[in-house]
Amino acid sequence: MSDVALAKICRRHNIPIPRVGYWRRKETAYKVTRPLLSAAKDGHEHLDIYVRERLRPEFEELTRRVAPKVVVASEISHPLALRSEKLLERGKLNQRGLLVSKNGALAHILVSTEQLPRALKILNALLLAHEDRGQPPSWPKEENALLAVSVDGEAVRFSLSEVTDNTPHVPTPAEAKHPRSAPKYDYKLTGALQLQIANLPPFMGPIRRTWADGKQQRIEDCLGDFIVGLTVAAAAIKKNRQAREERHRRREEERKREEEERRIAEEHKRRAELVHELIGRWEEASRLRKFIKAIEEETVRSELSEPQKDDIQQVVEWIRRYADTVDPLSDLPEAIEEFVRPESIYSWLE
């Protein structure tokens with residue numbers, strides 16, 4: 001909010017404002033007097049000031065585009081408008097008195113029987129105008145598919161609906177006996193139509209999304225402004241999509257980084273365990289060979305028969321062979337291969 005706008009609000013509510021030079025005098029240690037706040041005219045007054053959020057510069061620039069002139073023809077010619085008419089001509093009324101097709105309400109048009117001809121003409125004019133601008137509309141034939149207009153590469157959806165007033169329903173004597181079956185509201189058709197952008201993302205600032213009939217305005221007169229609004233909405237949708245993609249990219253990068261860190265940690269753990277295992281096997285082989293040496297020394301000191309010495313020699317040879325199988329140094333290349341390239345030994349790691 002500018003200082004001028006704030007000063008206007010203060011004057012409107014009889015709130016005194018600093019005189020020219022007040023803040024400069026205060027900064028330079030001059031003695032300044034703050035004027036007293038006068039009493040409110042109607043007793044205590046509480047003033048709330050709301051600052052309207054401004055459009056982002058890139059959106060504000062788009063709103064300055066010249067609105068195209070859109071002519072509403074008396075006949076419907078666009079295929080999608082004709083398809084809408086066909087679906088609704090055999091439709092039924094919902095509880096609000098608005099037309100829905102047999103398969104349910106059309107997301108882009110929801111009006112009464114009386115307003116349907118006018119609504120179809122407005123829809124037809126918008127679709128033709130977008131065709132002329134090279135922004136083709138699309139409406140897949142699948143059930144519950146949504147009508148969209150491609151604006152600058154983004155699909156923008158809009159709806160045309162009739163405004164209804166609702167009042168709390170007063171139950172009849174018969175409904176009072178079965179209150180659950182009674183409607184909650186009574187609806188009244190107003191005949192006023194409104195155009196609304198349906199998929200404008202949230203938190204993008206005060207982007208206009210609704211154009212409606214008013215006391216001095218009819219939708220037919222502001223279709224050009226609505227087309228400009230669709231352009232702004234497309235820019236907002238694109239910015240929101242790019243932001244989502246950027247967040248997804250960052251999350252994916254973070255996930256890959258964490259996965260890589262986890263892989264490195266697991267590989268470090270695997271190698272450490274393998275080294276400890278190799279050390280254990282080497283120590284075991286050393287103990288076995290030390291044991292062989294002790295046996296041989298004891299055999300020399302002892303007076304043993306030749307058959308006994310042969311039996312002992314068989315044990316010594318077996319222990320020696322066993323020590324060689326345990327000792328990782330006996331086949332060092334294989335031990336190193338498991339350390340450096342475990343996938344060559346364990347096929348499931350490939």
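**Helix H7 and its two partners**

Reply: Happy to! In this predicted model, H7 and H9 are roughly antiparallel to each other.

Me: Which angle lies behind calling H7 and H9 roughly antiparallel?
Reply: H7 covers residues 223-301 and H9 covers residues 332-340. Their axes come within 10 Å. Angles over 145 degrees count as roughly antiparallel, and these two axes cross at roughly 160°.

Me: Which residues of H9 make the contact with H7?
Reply: On the H7 side, the contact uses Glu 267, Arg 270, Arg 271, Leu 274, Val 275 and Leu 278. Facing them from H9 are Ala 335, Glu 338, Phe 339 and Val 340.

Me: How many residues of that contact of H7 with H9 are nonpolar?
Reply: The contact includes four charged residues and no polar ones. The nonpolar residues number six.

Me: How are H7 and H8 oriented to each other?
Reply: H8 spans residues 306-326, and its axis comes within 9 Å of the axis of H7. The two cross at roughly 165°, and angles over 145 degrees fall in one named class. H7 and H8 are therefore roughly antiparallel.

Me: Is the crossing of H7 and H8 left-handed or right-handed?
Reply: For H9, H7 passes in a right-handed crossing. With H8, the crossing of H7 is left-handed.

Me: How many charged residues does the contact of H7 with H8 have?
Reply: Among the residues in this contact are Arg 281 and Glu 284 of H7, and Lys 309 and Asp 324 of H8. By class there are 11 nonpolar and two polar residues. The charged residues number seven.

Note on methods
Residues are numbered from 1 along each chain as its sequence is written. This is a predicted model: local features need pLDDT of at least 70, side-chain atom pairs count only at pLDDT 80 or more; totals for chains, interfaces and linings use all residues. Side-chain values use heavy atoms; hydrogens and water are left out. Axes are lines fitted to C-alpha atoms, for helices over the stretch in contact, and angles run from 0 to 180 degrees between N-to-C directions. Helices (H or I, at least four residues) and strands (E, at least two) are DSSP runs, numbered from the N terminus. Angles under 35 degrees count as roughly parallel, over 145 as roughly antiparallel, 65 to 115 as roughly perpendicular and the rest as oblique. A crossing is left-handed if the near helix is turned anticlockwise from the far one by less than a right angle, and right-handed if clockwise. Contact means heavy atoms within 4.5 Å. Ala, Val, Leu, Ile, Met, Phe, Trp, Tyr, Cys and Pro count as nonpolar, Asp, Glu, Lys and Arg as charged, and the others, Gly among them, as polar.
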